[in-house]
Amino acid sequence: MVINNLVFDGNHLATVDVNPSQIGLTPDFNSYRNDYNTIPTLSQYQLPTINYTGEDAKIPIVYKANISYTHFFNERFRAGLAGYMALGRNNYFYYDRNMVQNPYFTLDNEGGRGVFVPVGTIAANGVMDWKNSRINNNFGRVLELVSDGKVNQFSFVVDTSYRYWKDGEITASYTWSDIKDNTYSTET
């Protein structure tokens with residue numbers, strides 16, 4: 001976290017976000033490789049990037065537990081059941097503090113997903129420029145590192161095996177897993 005504050009202080013790193021054709025620049029990578037002096041600096045397009053650690057940032061922690069049971073029906077056939085749990089707390093999470101707080105509009109056909117740029121700035125082909133979502137145009141991204149991330153993972157495994165002849169074995173298993181965090185959810 002200390003490196004986060006020292007390096008991303010707005011002076012050391014910056015974002016350059018331009019469309020080369022709009023500013024009359026045709027990239028010549030062979031020339032750049034042969035002579036570093038031909039690489040354009042684009043300093044007039046640099047946007048300071050600031051990352052800072054939030055006041056209450058904590059070290060992430062994971063709690064894990066599992067339980068399993070195996071039953072031997074006879075010397076050839078067995079079955080087992082296992083359950084696993086992992087709870088992650090204080091996971092690192094970034095908030096962009098230079099982005100407007102509320103979307104300009106939402107998309108009903110995408111479950112109410114917010115769009116954080118004004119509708120008038122969206123090109124006819126749907127291309128958007130993230131810079132239109134900034135609160136302060138003197139900065140690019142201003143990211144606060146916080147510990148708001150949480151994840152819950154639960155899984156269950158059912159497995160069985162059968163030994164046949166002298167040294168043959170057939171094994172089968174089924175796994176169900178559910179992972180949810182406070183940014184994305186998936187179930188398999």
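Modeller: On a 1 Å grid over the protein atoms alone, a pocket is an open set of points where a 1.4 Å probe fits, with protein on both sides within 12 Å along at least five of seven lines; lining residues have an atom within 4 Å of a point. This is a predicted model, in which local features need pLDDT of at least 70 and side-chain atom pairs pLDDT 80 or more, while totals for chains, interfaces and linings use all residues. Residues are numbered from 1 along each chain as its sequence is written, and side-chain values use heavy atoms, without hydrogens and water.

Biologist: Which residues line the largest pocket?

Modeller: Asp 17, Val 18, Asn 19, Gln 22 and Ile 23 belong to the lining, together with Val 127, Met 128, Asp 129 and Lys 131. The space in this pocket is about 210 Å³. The lining divides into 4 nonpolar, 2 polar and 3 charged residues, where Asp, Glu, Lys and Arg count as charged, Ala, Val, Leu, Ile, Met, Phe, Trp, Tyr, Cys and Pro as nonpolar, and the others, Gly among them, as polar.

Biologist: What makes Lys 131 and Asp 129 a salt bridge?

Modeller: The term requires a side-chain nitrogen of Lys or Arg within 4 Å of a carboxyl oxygen of Asp or Glu. For Lys 131 and Asp 129 the N to O distance is 3.3 Å, so the pair counts. The structure holds 6 salt bridges.

Biologist: Why is Lys 131 called buried, and Asp 129 partly exposed?

Modeller: Buried means under 20% relative accessible area, exposed over 50%, and partly exposed in between (1.4 Å probe, protein chains only). Lys 131 has 17%, so it is buried. Asp 129 has 27%, so it is partly exposed.

Biologist: How do you know that Asp 178 and Lys 180 form a salt bridge?

Modeller: Their closest N and O atoms are 3.9 Å apart, so the pair meets the cut-off. Asp 178 is buried because its relative accessible area is 10%; Lys 180, at 41%, is partly exposed.

Biologist: Which parts does the salt bridge between Arg 141 and Asp 96 tie together?

Modeller: The N to O distance in this salt bridge is 3.6 Å. Arg 141 lies in the loop between β6 (113–115) and β7 (142–164), and Asp 96 in strand β4 (residues 77–96), so the bridge ties together parts 45 residues apart in sequence. Strands are DSSP runs (E, at least two residues), numbered from the N terminus. Arg 141 is partly exposed because its relative accessibility is 39%.

Conventions. Points joined across faces, edges and corners; volume = space filled by probe spheres on them. Helix = DSSP H or I, 4+ residues; strand = E, 2+ residues; numbered from the N terminus.
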